[in-house]
Amino acid sequence: MRYLILGVTEARDETGAPLPMGGARLRALLAALALRAGRPASVAELVDDVWGDDPPHDAPAALQALVARLRRALGGRDAVLSVPTGGYLLAAARDDIDLHRFDRLAVQGGQELATDPAAASRTLRTALALWRGPAFADLPEPARAAHAAVAEARRSGALRQRIEADLRCGAVAPAALLPEMETLVQESPYDESLRAQQLRALRAAGRPAEALAAYEHTRRALADGLGTDPGPELAALHAELLRPQPLPPQPAPQPRPEFPDTVGADETPDAPETARGNLRPRLTSFVGREPELAALRGDLGRLRLITLTGPGGSGKTRLAEHAAAAHPEAGWIVELARLDQPAAVPGAVLSALGLRESSLVAREAPTPAADPTTRLVEHCAHRRLLLVLDNCEHVIGAAAELAERLLTHCPGVRILATSREPLGVPGETVRPVEPLPPDPAHQLFADRGASARPDFCPTDDPAAVAEICARLDGLPLAIELAAARLRLLTPRQIADRLDDRFRLLTGGARTVLPRQQTLRAVVDWSWELLDEAERTVLRRLSVFAGGCDLAAAEAVCADPSDPASYDAADVLGSLVDKSLVLAEPDQGHGDHGDQGDQGGPGMRYRMLETIHEYAAERAAAHPADARATARRHAAHYLAFAEEAEPLIRSAAQLPWIRRVETELDNLRAALHSTVVETADAEAGQRLVFALGWFWWLRNYRAEGAEWTTRTLALTPEVPPGGDSRVLALHAPARPRHVPARREQLRREVPHLRLPGPGHPHQGDLPARLPGDHPLPRHALARDDLPHRYLPRLPHRPRPVRRQLPGPRG
């Protein structure tokens with residue numbers, strides 16, 4: 001069991017799945033116990049932490065009841081122990097709690113800093129990644145502030161040490177660290193050690209003039225605010241900055257050409273070399289995006305703002321980099337994934353371009369030129385360049401504002417953005433990055449598999465490779481994570497374990513961001529960016545099998561009893577924009593003029609299998625809501641089936657059969673919910689009756705017989721005078737009781753004649769209308785006769801239900 005208290009309190013089992021924790025009091029109690037891991041908490045301490053300044057009347061009894069609830073939520077009494085001296089103890093190792101694991105890793109990273117800065121950087125990044133929000137977010141004030149002060153100070157120290165480690169090892173360009181430093185400096189303007197770190201980073205980035213200006217700004221701030229001068233560390237750095245650095249050795253001059261008049265203007269030796277951006281070469285091959293790359297190259301020649309959208313791991317960044325590298329103008333990539341604050345976006349762009357990221361010139365008052373966005377506009381106004389804004393989704397508003405400002409003031413600038421949702425800027429062209437088709441997906445798996453295991457050959461088990469790529473929805477990152485498992489497993493073993501894909505696919509590269517190292521982390525990143533309404537609708541959408549239309553989504557995802565009102569259609573649209581739900585034309589609902597089809601062709605919504613499985617896990621953490629959603633789902637598709645049943649026997653038969661085929665997986669899910677999970681005999685009977693004709697006409701008779709048998713297991717024997725439709729349902733399914741059923745049918749349904757002994761249909765008890773016309777067994781449970789029997793009758797009979805006496809006679 002793992003306990004997470006650096007953010008909203010969570011408890012996760014050994015698979016990483018969150019446990020339902022109930023209300024805020026329960027989460028506050030768990031946080032209070034977890035932050036004291038290894039030592040008991042007294043009753044008074046827990047009451048103060050859980051209820052703050054408003055304790056209940058009988059606080060010890062209330063606490064005892066709350067502890068009992070927490071034990072049930074965590075799976076047993078042993079999870080929280082009572083201590084003889086009074087109080088409670090959480091039965092967990094310190095490393096099972098993210099706070100104490102962070103403390104251990106922060107200390108380890110600080111020790112590694114002196115000997116191995118690269119290892120220190122990795123360790124400290126892992127430690128800082130444990131923070132998901134404010135520490136102890138569920139504790140009431142003032143208890144939260146008192147406990148969080150020390151943890152927040154340790155976090156700030158670990159962040160500074162990580163920046164120092166990055167500076168020392170050179171793994172990150174110094175200019176890329178400056179926006180993060182500026183944010184820290186603004187939080188602690190008088191911290192001299194932090195200012196010294198900023199000056200060293202500016203000097204390492206080749207910007208000594210800005211380092212001198214930053215020192216002057218710091219000197220004035222200290223004098224005006226504290227009446228003191230900079231300390232020895234800052235003074236020594238200032239002296240170093242004033243000493244001129246020796247020039248690097250210049251290469252030997254190249255001999256001039258013998259015939260200078262043949263040299264073109266662009267080959268003049270005195271012409272300066274034009275910067276070609278900061279795009280970096282990749283170490284792995286680029287597979288399977290040739291059509292998209294060709295289309296994107298054409299788009300960049302005529303459009304100024306293009307946003308590549310798609311779910312996490314779909315390959316948006318790689319596609320953008322390759323398109324920018326082939327563009328004739330200089331390409332500059334701006335990595336926004338590491339930013340925590342939207343305000344740092346302009347500074348990150350300045351750093352990527354090698355410019356000033358903020359106002360560092362010492363003046364009494366800031367000027368308009370001190371604004372990073374203004375500085376960017378001044379630099380780009382008369383230049384032609386391509387900006388690649390990568391991973392905009394978590395700072396989407398700031399990225400959109402900056403893009404609009406640059407595009408309206410800098411006519412030579414083009415922007416290629418990658419995000420899980422569009423920027424929403426006028427003139428934007430959105431290009432969804434779809435999953436890889438089968439052949440490129442197989443090629444990618446083979447390429448990455450050969451890197452993981454040199455003797456791997458995809459032709460040894462092509463069926464397993466195809467299954468892996470299909471079940472992973474063609475997502476490049478997921479396929480690469482699966483290929484990395486070839487060091488341990490065969491393709492067939494990987495395919496067989498994809499039902500637990502979030503535990504299986506965890507072997508990402510160490511040098512990428514933590515959110516790209518595992519499949520769960522990729523989806524977690526998208527989940528954390530959703531608001532509560534979006535999370536609720538995404539959880540509820542997991543009840544659908546095979547997708548749904550808008551009417552179904554609105555009926556199932558909107559809970560009438562939920563006090564938090566929201567428009568399900570608007571939230572669904574937001575999820576489509578954020579690439580968590582796919583919207584596709586509904587081919588099964590495209591015929592005009594059908595009875596019951598009033599809207600013409602519409603859209604159908606579905607989730608990729610990976611997103612669907614993740615949403616189902618999240619839904620399982622809210623069992624009451626999941627059960628209510630399943631009931632609404634079953635009710636909606638029961639109504640759909642009963643609407644479709646008479647139309648299947650009308651002039652609209654063909655389009656309605658297609659509609660039922662489209663919803664067949666949802667109808668099966670509704671049958672499973674009513675017959676297997678909730679054992680609702682009445683709803684099960686209604687669904688079986690409604691689907692009987694569809695099963696018969698589309699040759700799903702074996703499936704229909706299986707569901708009928710399961711429904712009969714829930715259906716009691718019908719007493720005399722009961723519903724004859726249920727009696728007819730029993731009749732053909734229990735041949736050993738044929739004689740008794742025949743006599744009961746003769747009494748209950750006098751209008752029908754049954755075949756006598758020796759008749760070929762005797763064991764099946766088919767009904768016969770007057771005139772000796774046999775009926776299939778389904779006709780006993782339906783309103784009308786199959787069309788193929790009608791021409792043989794002397795006249796069209798009345799509906800069978802009118803001939804079968806029901807509960808009302």
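Student: What is the relative accessible area of Ala 679?
Tutor: This is a predicted model, in which local features need pLDDT of at least 70, side-chain atom pairs count only at pLDDT 80 or more, and totals for chains, interfaces and linings use all residues. Residues are numbered from 1 along each chain as its sequence is written, and side-chain values use heavy atoms, without hydrogens and water. Buried means under 20% relative accessible area, exposed over 50%, and partly exposed in between (1.4 Å probe, protein chains only). Ala 679 is partly exposed, because its relative accessible area is 42%.

Student: What is the phi of Ala 679?
Tutor: Ala 679 lies in the loop between helix 28 (664-677) and helix 29; helices (H or I, at least four residues) and strands (E, at least two) are DSSP runs numbered from the N terminus. Most residues other than glycine have a negative phi. Ala 679 is not a glycine, yet its phi is positive, at about 50 degrees.

Student: Is Phe 136 buried or exposed?
Tutor: Phe 136 is found in the loop between helix 5 and helix 6, and its phi is positive, near 55 degrees. Its relative accessibility is 2%, so Phe 136 counts as buried.

Student: Which residue does a cis peptide bond join to Glu 141?
Tutor: Most peptide bonds are trans. Here omega is about 5 degrees, and the residue joined to Glu 141 is Pro 142.

Student: How do helix 29 and helix 30 lie relative to each other, roughly?
Tutor: Helix 29 (residues 681-697) and helix 30 (residues 701-714) pack with axes 10 Å apart, at about 160 degrees. Axes are lines fitted to C-alpha atoms, for helices over the stretch in contact, and angles run from 0 to 180 degrees between N-to-C directions. Angles under 35 degrees count as roughly parallel, 65 to 115 as roughly perpendicular, over 145 as roughly antiparallel and the rest as oblique. The two helices, helix 29 and helix 30, are therefore roughly antiparallel.

Student: Which backbone oxygen lies 2.9 Å from a polar atom of the Arg 414 side chain?
Tutor: Arg 414 is found in strand 8 (residues 413-419), and is buried because its relative accessible area is 15%. A polar contact is a pair of N or O atoms within 3.5 Å; within protein, one must be able to donate a hydrogen and the other to accept it, and residues adjacent in sequence count only if both atoms are side-chain atoms. The backbone oxygen of Leu 300 lies 3.2 Å from a polar atom of this side chain of Arg 414. The backbone oxygen at 2.9 Å is that of Leu 303.
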